[in-house]
Amino acid sequence: MTFVRVCPAEDVQVDTPHRVEIDGRPIAVVRDSAGQVFAIGDTCTHGDISLSEGFVEDDTLECWAHGSKFSLRTGWPLTLPAYEPVPVYGIKVEDGDIYIDPTPTFEEKN
Ligand code: FES
């Protein structure tokens, strides 16, 4: 697992999604109101929409196009119309920067 520096931690404000790319792959980085940071695939699985343009609510990121809410923890949509998950990425904050493990994982639905 090799983490890649993607941005300064201060670029990711609470409840304001921040889009980064690793090797051309878009990733949404989100800091929730509790201060925890998450990284999930940025492209909605229902359409070619950037989830970073959506809305954070608790530990979900909502696609602005049709309202599917994706879990920041598992990547699974909790509401239709999307029904397939986005990938989840390992993330850490170190020395004021955010690092992401570029190897995506897909969580089991629970
Ligand atoms: S494009 Fe995201 S819910 Fe339709």
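D58 sits in the loop that joins strand 5, residues 55-57, to strand 6, residues 60-62. Keep in mind that this is a predicted model. The phi of D58 is positive, about 55°, although the residue is not a glycine. Is D58 buried or exposed? Exposed, because its relative accessibility is 58%, and the cut-off for exposed is over 50%.

D95 is not a glycine either, and has a positive phi of about 50°. With a relative accessibility of 73%, D95 also counts as exposed.

Next, a peptide bond. The one from L80 to P81 is cis, with omega near 15°. P81 belongs to the loop between strand 7, residues 69-71, and strand 8, residues 88-89.

Which order do its three strands take? The order is 1-10-9, the pairing is antiparallel, and the sheet is open. Strand 1, residues 4-8, and strand 9, residues 91-94, are the edge strands, each pairing on one side only. From one strand to the next, the twist averages 30°. Between strand 1 and strand 10, residues 97-100, there are four bridges, in the antiparallel sense. Opposite C7 in that pairing is I98 of strand 10.

Last, the annotation. An unreviewed UniProt entry places the feature "domain: Rieske" at residues 4-100. In the model, the end C-alpha atoms of that span are 5 Å apart. Residues 4-100 are 42% strand and 0% helix.

Methods. Residues numbered from 1 in each chain as written. Predicted model: local features only at pLDDT ≥ 70, side-chain atom pairs only at ≥ 80, totals over all residues. Heavy atoms only, no water. Pairing = 2+ DSSP bridges. Helix = DSSP H or I, 4+ residues; strand = E, 2+ residues; numbered from the N terminus. Axes fitted to C-alpha atoms, helices over the stretch in contact; angles between N-to-C directions. UniProt positions renumbered as here; feature names shortened; annotations may be inferred. Buried < 20%, exposed > 50% of the residue type's maximum accessible area, 1.4 Å probe, protein only.
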